[in-house]
Amino acid sequence: MQKTEERAETPDKARIVFGPEPAEKATERKPAEPTVAEIKAKIAETVRTNAEKHSMVTPADVVFALVPGSRPEDKTAILDEMAADERYADIKAVTTASGGAFFFSLTYIDPDQATSKSRIEETKLAIAEKVRGDSKNAVKLTSVGDLHDLVPGMEPDEIAAVLDGMQADPKYADVKSVTASTGDHFFYSNRHMSDYYALVLSRVAANDPCATIAAMVRDESRIYPRPTCVQVFTQDLFHIALCELRPIVDAMLQKPEYEDIKLMVHPKTGGVYLYSSRYLEERIAWAEMHYQEVVVPANP
Amino acid sequence: MGGWTGKVLRVDLSTGVITKESTDKYKGFLGGTGLAYKVFWDEVPPGTTAFDPANRIIFGVGPLTGTGTPLSGRVSVTSLFPISPLDLPSTGHMGGHWGPELKFAGYDSLIIQGASATPVWLYIKDDVVEIRDASRMWGNGIYRATSDIMDIMGVDAQVAAIGQCGENLVRSSNVMTGRSHSAGGVGAVMGSKKLKAIGVIGTGALKIEASKSAWKDLVDFQRTILGANSGGVVPNTLQSWQPDGLYGGTRWTAANGLYWGAASPPVHTGDCTADDLNSIGIRTFKGYADFGAGVGDKHTVKIGGCHACPIRCHIATDVPALENYGVSRFQVNTCNGNSSVSGFTQGIASRSEDNITASQLGVALGDNYGWWSDYGLTQADFGFCAEHVLTAEECTGAGIDPVANAGKTPYQIRLTPTEYARVPWAKYNATTLQPKLEFMVWITTEIANNLMADKTPATWEKMQAGQPATLGAYIAVGSGRLEQLWPELKYAHEVNLEGINYIKLGHIKHHFTESAGTAYPAAILNMLYNRDPMCHTHTNFTGNGLKPVKNNPIFDELFGPFNGELAIDPSAYAAPDYAVPPMNRAKAVFAYMCVIYMELHNSLTLCNYTLPGWGSPLKSRNYRGARDLEAQFYSAVTGHTVTATQIEDIGLRILTIFRAVTARIMEARNPGTGRDQRNNHDIMPEWAFHAHSGAGTLDRTQWEIAKDMFYDQCGWDRATGLPTQATYDRLGLSDVAAAMAAAGLMP
C-alpha cells in the first residue's frame with residue numbers, strides 16, 4: 001500500500017519527445033468569433049428563409065445553435081435585444097401548449113398559421129426523438145401505435161400527414177419506415193440502426209419465425225454467400241428460445257414454400273446449418289460449413 | 001533520426017565483453033528480423049549449429065517499438081533454430097512490454113553471442129549492463145526466475161526468462177515475458193548459452209520527429225482503420241449499428257449481453273460501435289471466442305495485451321478449480337498458447353468446463369517450464385505415435401518390416417519395453433478429467449527433464465548413435481529430427497497420416513491451404529521460411545469479415561489493377577476434389593505483399609496478428625483502409641520520409657538477405673542444395689497435392705506457376721529461387737551478391 005502511494009505521487013516520466021510544430025501550425029489561429037450583430041443577422045436570415053422558402057417555423061434549438069457559447073442567458077439576451085430592434089420587428093416567437101418555442105417571420109407567416117405549424121413541427125420533433133431513441137437505446141422498431149401514444153390528441157390521419165412531411169424534410173432524413181409482411185408499418189432511424197437490421201426486426205414483428213429464418217438464410221446464401229448456422233437465431237432479436245429452435249426449423253423444412261431451404265449437420269461437430277439451394281450449391285455450402293466448424297477452430 | 005536510439009547492445013557471454021555499437025549499419029534493415037538477418041549474414045559462419053557458442057540470439061526491436069505507435073510492442077527473437085534439422089535461422093515473436101523497455105534503456109536491439117560456463121542473467125538498467133550469476137535461479141521455472149529478478153531490480157523491471165525446458169535444451173522451448181508473451185523455439189538457445197533471463201529497466205525517452213499535432217492526426221487516422229484482433233472490421237454477431245448489416249467470421253466478439261464474467265464487478269462488453277474509439281480495447285472478447293459461450297465469458301477477468309496496443313487479445317482467466325492442482329487460479333494466455341500443453345489430453349469436449357480447466361492448467365505448466373508446441377506439431381506427432389496402429393501397407397510405405405511392426409503404434413515400436421511400460425497410458429486413455437490432467441502434468445515434466453533412458457541429459461547425438469531415450473526426450477528433440485530416426489513418422493509426415501500437417505524441414509503448416517480463398521498465396525508463405533511462417537497478413541485481410549466480394553476490389557485498388565483477376569478465391573474449396581482456382585498475377589502480388597508486410601511488421605516492429613490495415617470498419621471510408629500506414633508511421637517517427645513503395649522495397653531487402661542467409665547455410669550443410677532453393681527449400685509436402693478435408697488441393701502445374709510468379713515479384717531467378725544480381729544491386733545488397741557469387745550461389 002505504501003509503495004502504491006509513493007508511485008502515485010511520482011509524476012509519469014516523459015517517454016516521448018516530439019518534434020517542433022511546423023511554423024504555420026504554431027501560428028495557426030482560430031477563426032474570429034462572429035460579432036453580436038452578425039449573430040442577430042444570421043438568426044434573422046435563418047428564420048426568414050425557413051418561412052419564405054419552406055413555409056416553416058424555426059425550432060428554438062436551431063436558433064440557439066447559431067449563438068456561440070453555452071450560457072442560456074447569452075442566448076436569451078440576444079433574442080431580447082432583437083425583439084426590441086425594429087430591424088427584426090418581423091421576427092416573432094410562438095410557444096406551444098407543451099412549452100416548445102418556435103420562431104417565424106410575420107412577413108411570410110401569420111400568427112395563426114405559426115401556431116398550427118409549430119404544433120406540427122413539435123410533433124415531428126417528438127416523433128424523431130422517439131424513433132431515434134428506440135433505434136439507438138432500445139434497439140427496436142417504433143410502431144405506429146407507439147406514435148399514437150406519443151401524441152394522443154392527434155388523429156391518425158394527422159399523424160400520417162406529419163410523417164409524410166418528415167419524409168421530405170432533410171432534418172429527418174434518417175427516419176425511415178419499413179413494412180412487415182403483415183402490412184404493419186414501423187419506423188427506425190438509420191443513423192442508429194442499419195436498414196438490414198430493421199428489415200430483420202420487421203420480419204420478427206410479423207411473428208412468423210419460419211418465414212424469418214427462411215428469409216435470413218436466403219439473404220446470406222445470396223449475399224455472402226454462406227450457409228447460416230442455426231445458432232444465429234438464438235440471438236435475442238429473434239425471440240426464439242433455444243428449445244423452440246429445432247422444432248421451428250423442422251416445421252419450416254416441411255413447408256413447400258421453403259423447399260429451397262436445406263439443412264446440413266456437420267458429422268464431426270454436430271453443427272446445424274441452413275442454406276438456400278436457390279443461391280448456393282450444396283458442395284459450396286458444405287465446404288463453408290466445414291470451414292467454420294472445423295478449419296477455423298483448428299487454425300487459431 | 002527519431003525512433004532509433006542509435007545504439008545496439010552486444011553481449012559476449014564467452015568473454016564477458018559488453019559493447020554498444022552504432023545502429024547505423026542496420027538502419028537499412030529497420031530492426032527486428034531485418035537487423036537480425038543482417039547480423040547472421042555478417043557474423044555467423046555457415047555451418048554453425050543452434051547450440052554452438054557462435055550462434056547469436058538477437059532480441060530485435062525496431063524504430064517504432066516503444067514510440068507509442070499503436071501495435072508496436074513486439075520483439076522479434078531470431079536465432080539458428082534448434083528445431084530446424086539444418087539449424088536454419090528463424091524467429092520467435094513476443095509481445096508484452098519488454099521490447100519498449102529495451103528501447104527506453106537506450107538500445108535498438110540486443111545481440112547475444114558466445115556461451116557462459118555457468119548460469120547467468122543479464123542486468124540492463126539504462127547504461128548499466130552486467131552479466132550476473134544465476135546459479136540460484138537455474139533449475140527453477142520462469143515464474144520464479146521472473147520474481148527473483150524483480151526482487152532485485154524492482155517492480156518496474158521487464159523480464160524475459162527461460163524455464164527448465166530451455167535450460168535442458170528442449171529444442172521446442174521458448175523465452176517468456178510478462179507472464180503470457182512468449183517467443184517460441186529459442187529458449188534452448190538461451191539454455192545452451194547458460195543465459196537464464198534478461199531483466200531490463202529503461203528510464204530514457206524516445207524521439208518522434210513529427211510534431212505532437214501531426215502525430216495525433218496520424219494516430220487518429222489509424223484509428224479509423226483498426227478493427228479487432230486478426231483484422232476483423234465487422235462484428236461477429238448481427239448488430240444494429242453496422243450500417244450494411246455485415247457480420248460474422250471475426251474476433252470482434254463483444255456484444256450486448258456479453259460480460260467479462262469473472263471481473264469484479266462483471267464488465268459489460270456491449271456493441272462497441274466502429275466510431276467509438278473508447279471501446280476498441282473491448283471489441284475483441286477472445287475469452288468468449290476461444291472458450292465458448294457460458295464458459296469463456298464466465299471465466300474471463302479481462303482481456304490484456306501489449307505496450308501501446310489498443311487491440312487487446314490476451315485472455316486473463318479465473319478458474320478456481322485450478323487450485324486443486326496446486327497452481328494459481330489466475331492465468332493468462334491466448335490462441336495456441338492456451339492449447340499447447342492441454343493438447344496432450346484427448347477426448348475433452350471443446351468449449352466445456354473441463355476444457356478450460358485443462359487449458360489453463362496447461363498454461364500454468366507450459367509457461368513456467370517454458371515449453372513451446374511448435375504450433376501444435378508436437379501434439380500432432382504425439383497423437384500419431386501414441387494412437388495410430390500401423391497397417392502392413394503403411395509399414396511397407398515407410399520402409400519398415402510389416403511383419404514385425406504392423407498392428408503396433410510407433411511408440412510401441414520405438415520405445416524400449418521398460419520405457420513404454422513407464423508411461424501412464426491408463427491416465428492418457430481415461431474418460432474422466434482428473435487422470436487426464438495427471439497425464440498432462442507427467443508428460444510435460446518428462447519433456448522438461450529431457451533425459452535419455454539412462455537418466456543422462458538427452459542429446460541428438462546420443463539418439464543418432466542409437467542410445468534409447470525417454471518419451472519426453474523423443475518429444476523434446478523435435479519432429480524434424482525424430483523423423484530421421486523413425487521412418488514411419490517420416491512416412492506419416494509425407495502422406496499426412498492423422499492430419500499431422502507437417503510441411504518440411506521440421507515445421508508444421510500455419511494458415512496454409514485451408515485459409516479461406518488463398519490457397520496458393522498461403523502455400524507460398526509456408527514454403528519460404530524455416531519454421532511455420534507465422535504470417536497473418538493474408539488471413540487477417542481475408543478474415544476481416546468483408547468477404548471476397550468486398551476485399552477483392554479493395555486489394556485491386558491498393559495494389560492493382562489486376563484486370564478482373566481475383567487475388568482471393570470467392571468461396572471455400574469444396575468436396576470432392578477441393579480444387580483451387582488457377583494461379584494468377586493478383587494472387588502472386590497478394591502473396592508478395594503479405595510476406596513483405598509481415599517482414600516490415602517484424603522489423604519495425606508492429607503486430608502482424610492484427611495488421612495489415614487494408615480494410616476499415618467505417619462505412620464512411622467505404623471499408624477502405626490504407627496501403628501506406630506503415631510508411632506513414634515510419635516517416636513520422638524517423639523523419640525519413642518514405643512512400644509505401646519505398647518501404648515495401650525495404651521489406652524486400654529484408655526478405656532477400658534472409659534468402660541469402662538460408663541458401664548459404666544450406667549449401668554449407670549439404671553442398672549443392674543451397675544453390676537450388678526452388679527444389680530444395682521451396683517444397684511442398686506430397687499431401688498438399690491430394691484432396692484433404694477442408695483445405696484447397698494444389699495442382700502441380702499451377703504450383704510451379706505460382707513459384708514462377710512469386711519469384712518474379714521478388715526479382716528472384718525462376719530456375720533456382722535465388723535473388724538475381726540486378727535485385728541485389730537494386731536493393732543495395734551488392735556486397736551480398738559478391739559473396740554469394742564467390743560461394744557459387746548466384747543464379
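Buried denotes under 20% relative accessible area, exposed over 50%, and partly exposed the range in between (1.4 Å probe, protein chains only). This is a predicted model, in which local features need pLDDT of at least 70, side-chain atom pairs count only at pLDDT 80 or more, and totals for chains, interfaces and linings use all residues. Residues are numbered from 1 along each chain as its sequence is written, chains are lettered from A and ligands numbered from 1 in the order in which they are written, and side-chain values use heavy atoms, with hydrogens and water left out.

**View 1. Strand E7 of chain B and its two partners.** Five of the six residues of strand E7 (residues 120-125) of chain B are buried; strands (E, at least two residues) and helices (H or I, at least four) are DSSP runs, numbered from the N terminus. Strands pair if DSSP finds at least two bridges between them. E7(B) runs antiparallel to strand E8 (residues 128-133) of chain B, to which six bridges join it, and B:Ile124 stands opposite B:Val129 in E8(B). Two residues lie between the strands of this hairpin, where B:Asp126 adopts a positive phi near 55 degrees. With strand E12 (residues 195-201) of chain B, E7(B) pairs in the parallel sense, also over six bridges, and B:Val120 faces B:Leu195 in E12(B).

**View 2. The surroundings of B:Thr539 and B:His511.** B:Thr539 belongs to helix H23 (residues 537-542) of chain B and counts as buried because its relative accessibility is 16%. Residues up to four places away in sequence set aside, B:Thr539 touches B:Ser230, B:His511 and B:Ser515, contact being heavy atoms within 4.5 Å. B:His511 lies in the loop between strand E20 (507-508) and helix H22 (519-528) of chain B. Although not a glycine, B:His511 has a positive phi of about 45 degrees, and its relative accessibility of 7% makes it buried.

**View 3. Two cis peptide bonds in chain B.** The bond from B:Ser264 to B:Pro265 is cis, with omega near 0 degrees. B:Pro265 is placed in the loop between strand E14 (259-260) and strand E15 (267-268) of chain B. B:Leu604 and B:Thr605 are likewise joined by a cis peptide bond, with omega about -5 degrees. B:Thr605 occupies the loop between H25 and helix H26 (629-638) of chain B.

View 4. A:Glu121 sits in helix H6 (residues 111-138) of chain A and, at 5% relative accessibility, counts as buried. Beyond its neighbours within four places in sequence, A:Glu121 is in contact with A:Met56, A:Val57, A:Phe102, A:Lys171 and A:Tyr172. A:Val139, in the loop between H6 and strand E5 (142-143) of chain A, has a positive phi of about 50 degrees although it is not a glycine.

**View 5. The nonpolar cores.** A nonpolar core is a set of buried Ala, Val, Leu, Ile, Met, Phe, Trp, Tyr and Cys residues joined through side-chain atoms within 4.5 Å. In the largest, of 155 residues, A:Ile213, B:Trp614, B:Trp703, B:Phe710 and B:Met740 touch the most other members. Helix H25 (residues 585-604) of chain B supplies the largest share of this core, 14 residues. A second, separate core of 67 residues includes B:Cys165, B:Ala263, B:Val423 and B:Val477.
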